[in-house]
Structures are given as structure tokens and as C-alpha cells.
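These are my notebook entries on a structure that I looked up. I record what I checked, one topic at a time.

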Amino acid sequence: MQPIDSVARQLVQLSLHYLVNQPERICVVGQDDPLPGAGAIAASPRMIAFVDVPPGTRFLPQAAELNDGQVVTFFSPLIEKLKRDGGTLPVAYPESTATEAGRRQRDAHWNWFADHWNADKAVKVMEDVTAPAAGPAGSATA
């Protein structure tokens, strides 16, 4: 028998810990449920949330907090991994979306990710970014 020490197993163990010891800090959000308020999210211990999203939803990894408290981000390496053959980069995210031009620029920024999306590459970026700091188990929370 070999012990299983993976990020998925750590999530199961963390979920069970919360279920037994911190059930009031578990949040289940469906498509029609409101998200908890800032005060509830900021309270200690950290809330664990389970979010039910529609099939086909794409998750753009932005950052992860590692076991040692270090926060790592994924945007730059993800852009490098997603651009095709040294191709175009996404337009810069606008400073403001209050104007129609700002909203168009915002949409163009996110559409680049949608047009270039590859879930396998996104997972690889998360593994690469978290592995050196997290250790062999890749222990990070997103």
C-alpha cells in the first residue's frame, strides 16, 4: 500500500476537517445563490467554498496562496503559455470601464483568453508556478 499525498487528497481532508470542526465556515454557492459578504469571507478561520457553476465554465487561474503564506500569481506565465507561435498578446486591461471604450477594451482583453484558452496549459502553469515553492506534493490552495 502506498500513501496518497496529492493536492486533491489534501482538499478532501480539508473539507472533512471543516465539516467536522467548522461547519459554519463552509459555503455552498449555487447558480442562483448570493455570494457571502466581505465580513463573512474575511472572518477567521478562512471560509471554504464550494461553487456550482454551469457546464463549460472556464476558470482562469489568477493566484494561489501556498502553505507557507506566499502568494503566487499566474497571469504572466499563463499568457506566455497560451500565446500561439509567439503571437499576439492580450490588450492591456483598461484603467476604467466606466466608458464604452473602456468596456470594449476590457472585453477584448478577456476575449483574448477565451480565444486562446487551453485547460491543459493552464493546469501546467499552475503546477509549474506552485511546485518550486510548495514542494513535491504541490500543496497550495487556490
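**Entry 1: the core**

I looked up the largest nonpolar core and found eleven residues: Ala 64, Leu 66, Val 72, Phe 74, Leu 78, Ile 79, Leu 82, Trp 112, Phe 113, Ala 122 and Val 125. A nonpolar core is a set of buried Ala, Val, Leu, Ile, Met, Phe, Trp, Tyr and Cys residues joined through side-chain atoms within 4.5 Å. Buried means under 20% relative accessible area, exposed over 50%, and partly exposed in between, with a 1.4 Å probe and protein chains only. Strand 3, helix 3 (75-82), helix 4 (100-116) and helix 5 each give two or more residues to this core. Helix 3 supplies the largest share, three residues. Helices (H or I, at least four residues) and strands (E, at least two) are DSSP runs, numbered from the N terminus. In soluble globular proteins, nonpolar side chains tend to be buried together.

**Entry 2: the source**

I note that this is a predicted model, in which local features need pLDDT of at least 70 and side-chain atom pairs count only at pLDDT 80 or more, while totals for chains, interfaces and linings use all residues. Residues are numbered from 1 along each chain as its sequence is written, and side-chain values use heavy atoms, with hydrogens and water left out.

**Entry 3: around Phe 74**

Which residues touch Phe 74, leaving aside its neighbours within four places in sequence? I found contacts (heavy atoms within 4.5 Å) with Pro 61, Gln 62, Ala 63, Ala 64, Val 125, Met 126, Val 129 and Thr 130. Ala 63 lies in strand 3 (residues 63-66) and counts as partly exposed because its relative accessibility is 34%. Thr 130 belongs to helix 5 (residues 119-134) and counts as buried because its relative accessibility is 9%. A polar atom of the Thr 130 side chain lies 2.7 Å from the backbone oxygen of Met 126.

**Entry 4: a cis peptide bond**

I checked the bond that joins Ser 44 and Pro 45; this peptide bond is cis, with omega about 0°. Most peptide bonds are trans. Pro 45 is found in the loop between helix 2 (38-42) and strand 2 (48-51).

**Entry 5: the whole chain**

I counted five helices and five strands in the protein chain. From the N terminus on, the elements run α-β-α-β-β-β-α-α-α-β. Of the 142 residues, 20% count as buried.

Definitions and conventions
Polar contact = N/O pair within 3.5 Å; in protein donor to acceptor, adjacent residues only side chain to side chain.
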